[in-house]
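Dear colleague,

Please find below the structure that I am handing over to you. My findings follow it.

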Amino acid sequence: MILLTRKAEFSAAHYYWNNAWSEEQNERIFGKCANRNGHGHNYTLEVTVAGEVDPITGFVVDLKLLKEILEREVVGVYDHRHLNLEIPDFATVIPTTENIAVAVWRRLDGKIPNARLHRVRVYEMPDLFADFYGEFGEEASQ
Ligand SMILES: [Zn+2]
């Protein structure tokens, strides 16, 4: 088994807001991120797949195909969008780095031929990233 990682980038806007809370509580917990006009990030995505090296091609997966899948399923959907307002993935969850990693996993899982999704890493900034390995908690798996 070998791990192979492909990077992709997208730019998107978001804000942090919990509808169950008062405006004061949202501002206290989320600070400037609670500004509902939103703000943007240049996100970097790293998608790692696990599989066996094909003895004929030397590949785990066709890299061109992997790039196309990332483009179709994630980058083309999220890029230059307001995640809270335009992307159904975040209709009921706050588009934090953590939740974006989970949403990207859901979009890609089962879509990559001959390989299994191993890790989704999302960088919101160069010094902040979240990793998801497909282990859903009770609540999220429903
Ligand atoms: Zn932000």
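Ala103 lies in helix H4; helices here are DSSP runs (H or I) of at least four residues and strands are DSSP runs (E) of at least two, both numbered from the N terminus. Ala103 is buried, at 8% relative accessibility, where buried means under 20% relative accessible area, exposed over 50%, and partly exposed in between, with a 1.4 Å probe and protein chains only. Ala103 and Glu124 are 21 residues apart along the chain, and their C-alpha atoms are separated by 14 Å.

Please note that this is a predicted model, in which local features need pLDDT of at least 70 and side-chain atom pairs count only at pLDDT 80 or more, while totals for chains, interfaces and linings use all residues. Residues are numbered from 1 along each chain as its sequence is written, and side-chain values use heavy atoms, with hydrogens and water left out.

Overall architecture

The protein contains four helices and five strands. Their order along the sequence is β-α-β-α-β-α-α-β-β. The C-alpha trace spans about 60 × 30 × 25 Å along its principal axes. Of the 142 residues, 41% count as buried.

Helix H4 covers residues 97-108 and packs against helix H2, residues 63-78, at an angle of about 140°, with the axes 10 Å apart. The axes are lines fitted to C-alpha atoms, for helices over the stretch in contact, and the angles run from 0 to 180 degrees between N-to-C directions. H2 and H4 are therefore oblique to each other; under 35 degrees counts as roughly parallel, over 145 as roughly antiparallel, 65 to 115 as roughly perpendicular, and the rest as oblique. The crossing of H2 and H4 is right-handed, a term used if the near helix is turned clockwise from the far one by less than a right angle, and left-handed if anticlockwise.

Loops

The loop between H4 and E4 holds Ile112, which is buried at 8% relative accessibility. Ile112 and Leu66 are 46 residues apart in sequence, and their C-alpha atoms are 7.0 Å apart in space. Asn114 is also placed in the loop between H4 and strand E4 (116-125). In contrast to the buried Ile112, Asn114 is exposed, at 70% relative accessibility. Its phi is near 65°, a positive value in a residue other than glycine.

Another positive phi, of about 60°, belongs to His80, which is not a glycine either. His80 sits in the loop between H2 and strand E3 (81-82) and is exposed, with a relative accessible area of 65%.

Phe59 is found in the loop between strand E2 (39-51) and H2. Phe59 counts as partly exposed, at 40% relative accessibility.

Zinc site

Which residues supply the protein donors of the zinc ion? They are His14, His39 and His41, each through NE2, lying 2.0 Å from the ion. Donors are N, O and S atoms within 2.8 Å of the metal (3.2 Å for Na, K and Ca); water is not among the atoms, so the site may look incomplete. The spacing of the donor residues in sequence is H-x24-H-x1-H. His39 is partly exposed, with a relative accessible area of 24%, whereas His41 is buried, at 13%.

Aromatic contacts

There are eight aromatic pairs in the structure; rings of Phe, Tyr and Trp (its six-membered ring) pair if their centres lie within 6.5 Å, and planes under 30 degrees apart count as stacked, over 60 as edge-to-face and the rest as tilted. The rings of Phe132 and Phe136 have centres 5.1 Å apart and planes at 70°, so this pair is edge-to-face. Phe132 is buried, with a relative accessible area of 11%, while Phe136 is partly exposed, at 30%. Ring pairs also join Phe10, Tyr43, Tyr78 and Phe90 into a cluster.

Finally, Arg36 lies over the face of Trp17, at 4.2 Å from the ring centre. A charge sits over a ring if NZ of Lys or CZ of Arg is within 6 Å of the ring centre and within 35 degrees of the ring normal.

With kind regards
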